[in-house]
Amino acid sequence: MHSCTLLQDAANYQPDTLDLNTDAKAAAYWFPCFRELVGKFAKQAANSQLDDDTAEQRAAQFQAAYLCQLEEHQNNIANNRGKVVLGTSELLKLNETMLRRYGFTDPWLRQKQQENASAKARLKQRLQEIDDIANEDARWTELVRGVLAGNMFDWGAQAIATILEQDSNFGLHAALERIEQRPWLLDNLDAWLQRLHLSPAHKCAVIFVDNSGVDVVLGVLPFARELLRRGTKVLLCANSEPSLNDVTSRELSELLDDCACQCDVLDSAWRSGRLLVYANGQSGPCLDMRTLPRELCDAIAANETDLLVIEGMGRALHTNLNAQFACETLKLAVVKNRWLAKYLGGDKMFAVICKYERS
């Protein structure tokens, strides 16, 4: 594992936005939150292996082990304060570690497969909707809104899981209506649009993607396609290992095989190597840029990457929100947690983070 060349100051890079060891208010919220969430994750794990008589017992063992480790983290706050950063990323990654320990390698696999199939069937229609927007600013605005709305489809967020469980027809257009209206909680969209007007196309964009289904297929792929049309090479980076309903690099490659044939731009780029997929080295839903695989780091450097796009709460909010990078950066996320929205200065559920930094 190797440090990413895009870090502005690798020695002082800290991915976590919160430190539960030093932020008492954050600790008072997140520890009970994870105690509640682990019960839902245990249920998902057991349901994912209904044909195994041991699944329910192993799911209970997973839950107990997770709670034990969580308790240990909380009890050690006083000793670790100022010495070790304890971010929400660690507690989210712990979930995946414990699931694997008790034999649950990919509890959301069936859900991902269903959502990918559904999203693929709607891709051509979504691309046509984008192409029907003649005005460039309006088209890019809709593309950004599409990434944000797609990011709503996150089974790790309780508010979204409730919506998805109650409404099986909830799709991209419904999500577009749910996300915060502009001005957003953090709104640099105009600066991004201005950059597209006034400066040449980027050489290479690295996009760290998030969820399967609507998110990556109907949100990220149209956005990547528009960059490709401008002449930008695109590297899509997805998880090395399963985490919640996040897409993995293997799944993303298979998706592109199916999706590219629906669009000449995607097909040409996928066949010619102007659109590539890389594993990001992560086994949880967050992103630590210090632990990227060498292959990805080499590709980032070799392609003279000048645009970094980070999408989703885990990668762009729980981690990297305040991190500084050595190239232009666009961080996009929908805040699917009311406490976190208020913590960041907002007062609405599904508040929007659209943070553009020139470097």
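Guide: On a 1 Å grid over the protein atoms alone, a cavity is a set of points where a 1.4 Å probe fits but cannot get out. Points are joined across faces, edges and corners, and a volume is the space filled by probe spheres set on them. This is a predicted model, where local features need pLDDT of at least 70, side-chain atom pairs count only at pLDDT 80 or more, and totals for chains, interfaces and linings use all residues. Residues are numbered from 1 along each chain as its sequence is written, and side-chain values use heavy atoms, with hydrogens and water left out.

Visitor: Which residues line the second largest cavity?

Guide: Phe34, Leu37, Val38, Phe41, Tyr66, Leu91 and Asn95. Lining residues have an atom within 4 Å of a point. Helix α1 (24-47) gives the most, with 4 residues. Helices (H or I, at least four residues) and strands (E, at least two) are DSSP runs, numbered from the N terminus.

Visitor: How does that lining divide by class?

Guide: Into 6 nonpolar, 1 polar and no charged residues. Ala, Val, Leu, Ile, Met, Phe, Trp, Tyr, Cys and Pro count as nonpolar, Asp, Glu, Lys and Arg as charged, and the others, Gly among them, as polar.

Visitor: And how much space lies in the largest cavity?

Guide: About 40 Å³. Its lining is Val147, Ile207, Val220, Phe223, Val309, Glu311 and Leu332. By class, that makes 6 nonpolar, no polar and 1 charged. Both α11 and β5 (307-311) supply at least two residues of this lining.

Visitor: Are Trp140 and Phe223 buried or exposed?

Guide: Trp140 is buried at 1% relative accessibility, and Phe223 is buried at 2%. Buried means under 20% relative accessible area, exposed over 50%, partly exposed in between (1.4 Å probe, protein chains only). Trp30 is buried at 4%, whereas Tyr29 is partly exposed at 25%.

Visitor: Which residues do ring pairs link into a cluster with Tyr29 and Trp30?

Guide: Phe34, Trp339 and Tyr343.

Visitor: New topic. Where does Arg58 lie?

Guide: Over the face of Phe104, at 4.6 Å from the ring centre. A charge sits over a ring if NZ of Lys or CZ of Arg is within 6 Å of the ring centre and within 35 degrees of the ring normal. Arg182 lies over Trp184 in this way, at 5.4 Å.

Visitor: Last one. How much space lies in the largest pocket?

Guide: About 520 Å³. A pocket is an open set of points with protein on both sides within 12 Å along at least five of seven lines. This one is lined by 24 residues, with Ser118, Ser168, Phe170, Gly171 and Val214 nearest its centre.

Key
Rings of Phe, Tyr and Trp (its six-membered ring) pair if their centres lie within 6.5 Å; planes under 30 degrees apart count as stacked, over 60 as edge-to-face and the rest as tilted.
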